[in-house]
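Subject: Structure for your review

Dear colleague,

Please find the structure below, together with its sequence. My notes on it follow, and I would be grateful if you read them with the model open.

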Amino acid sequence: MKIFNTRTRVKETLVPLRSGQVSVYVCGPTVYNYFHIGNARPFVVFDVLRRYLEFVGYEVTLVQNFTDIDDRMIRRANEEGVTVKELAQQYIAAYFEDAGKLGVKPATVHPRATEHIPEIVALIDKLVGAGVAYESDGDVYFDTKAFPRYGCLCGQNIDDLEAGARIDIDERKRHPMDFALWKAQKPGEPAWESPWGMGRPGWHIECSAMSMHYLGETFDIHCGGQDLIFPHHENEIAQSEAATGQPFARYWMHNGFLNIDNQKMSKSLNNFFTVRDILAEFDPEAVRLFLLSAQYRSPLNFSRDQIQQASATLARLYAARDQARFLMERAQSDVSEGDEEVLRRIDEARAMFLQAMDDDLNTADALGSLFELVRILNVSLSVNASRAALGRFLEVFGGLCAVLGLVARTEEDRLSAEESEEISRMLDARAAARKARQWQESDRLRDELKARGYVVEDTPQGQKLKPVG
Ligand code: AMP
Ligand code: ZN
């Protein structure tokens, strides 16, 4: 399999450190809020990476953290009048619920920063001891000038980075690019003991400490969104490699942004839709298919139309599975004359799927191969096909859909998906009524949605649906 490695900027063949095993670290969410559909992109894409690596026979250890202490956590906890710990519990539970609906399998381990303070402190202590970090007023900073490779991931040298950055002068730092490893406690903030007094870890160090704790000083693949390349991942490399003298992650994978109106969806721009809200309206598998409809490094534009289209695409995949099952039940013969040719074509489509996935996880092309299989079913398997041919179709089709985490529903689950689609149709009807200034009709639909448990809000990005209460 080839992976585009951000660090070398070329597609490289994946050769794991230990034969037959792949170790992966994914930067997980900061749990101060429900995650939005942009955040869902890395969760889903790297879940597919894991499923594919397992499919081709690797044993995968996947670590995805929860950032459960930082400025945003503290601010939000104060706003809500709960402790930082309570806030984290609430949104970690919500993460598992929402990600689970999107078919994201739990990672091997989901470590939390606050549960790894001893490892974090030990790592910082090592950096201070090695002379690449310094204490200043109870804070500890990484001395970026002491790490000559600083900038190796983002491809800029430290002087250019310094010139390009808008960094406030901070008396406590020796150089503007230095970043905090440890932050001294401010009044009312949660804090832990350390050789530098009470305080809490900075964001970057937690990922170095937790990835190396679970995966070793050198591991295979480190993943996250493009926005994390600089400074987060650059800093992770600096801290980790300065402490161990060993290479840190060997391959770096970064997903492109999910955009809305050609702008990155983000909490700070307030142009986001939470997955929780979207799932009130759409089948989670349709949302998942939408997120896989582009190769992971390409930008992807969010719109309700796109998800509706994904929903139609998904329905075609389900129809193929159901049709093949139906034909299988009624097949007249175990084998038939045309089998050889059909089996060859099924295997060809399977090989195309693998080829697409081997080419830097091209899920868009892989989906194309699934539709090649659907065509084979419709053209060559719909009349007098043998059990052997239909059996092979079902095996290959089911196996490949499972790599993408699609077509996993039973009949019962699909009924609830249909219900979501009905809600989606009501929203469309309401948008049309508003456009035609038919206020009575639009109010009637609002009431009907309310009766089903949803409140509609009209926002500049369109209607947003929230569960009542
Ligand atoms: P955060 O909770 O903000 O730390 O983000 C969690 C993950 O979502 C990180 O890997 C981010 O890079 C990623 N991410 C955030 N916004 C987007 C977006 N609009 N599109 C794709 N990935 C994103
Ligand atoms: Zn991280």
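Aspartate 358 lies in helix α11. Please bear in mind throughout that the model is predicted. With a relative accessible area of 29%, aspartate 358 is partly exposed. Apart from its neighbours within four places in sequence, aspartate 358 is in contact with Met1, Lys2 and Tyr52. Isoleucine 169 is 189 residues away from aspartate 358 along the chain, and the C-alpha atoms of the two are separated by 46 Å.

Aspartate 360 is placed in the loop between α11 (339-358) and α12 (363-380). Its relative accessibility is 0%, under the 20% limit, so aspartate 360 counts as buried. The phi angle of aspartate 360 is near 55°, a positive value in a residue other than glycine. For context, most residues other than glycine have a negative phi, and most peptide bonds are trans.

A positive phi is also found at asparagine 262, where the value is about 60° although the residue is not a glycine. Asparagine 262 is in the loop between β11 (258-260) and β12 (263-264). Is asparagine 262 buried or exposed? At 63% relative accessibility, asparagine 262 counts as exposed.

A cis peptide bond joins phenylalanine 230 to proline 231, with omega at about 0°.

Serine 442 is located in helix α15 (residues 439-451). Its relative accessibility is 1%, so serine 442 counts as buried. Leaving aside neighbours within four places in sequence, the contacts of serine 442 are Arg430, Ala433 and Arg434.

I turn now to the chain as a whole. Its secondary structure comes to 15 helices and 15 strands. The radius of gyration is 25 Å, close to the 23 Å given by the globule rule for 469 residues, so the chain is as compact as a globular protein of that length. Along the principal axes, the C-alpha trace spans about 80 × 60 × 35 Å.

Of the 469 residues in the chain, 51% are buried. Among contacts with a separation of 6 or more, 76% are between residues 24 or more positions apart. The accessible surface of the chain is about 20900 Å², and carbon and sulfur atoms account for 48% of that surface. The chain carries 55 positive and 70 negative side chains, and the centres of these two sets lie 3 Å apart.

With kind regards

Definitions and conventions. Residues numbered from 1 in each chain as written. Chains lettered and ligands numbered in written order. Heavy atoms only, no water. Helix = DSSP H or I, 4+ residues; strand = E, 2+ residues; numbered from the N terminus. Rg over C-alpha atoms; globule rule 2.2 N^0.38 Å. Buried < 20%, exposed > 50% of the residue type's maximum accessible area, 1.4 Å probe, protein only. Contact = heavy atoms within 4.5 Å. Areas by Shrake-Rupley, 256 points an atom, 1.4 Å probe, with all protein chains shown as cover. Lys, Arg positive; Asp, Glu negative; His and termini not counted. Charge placed at Lys NZ, Arg CZ, Asp CG, Glu CD.
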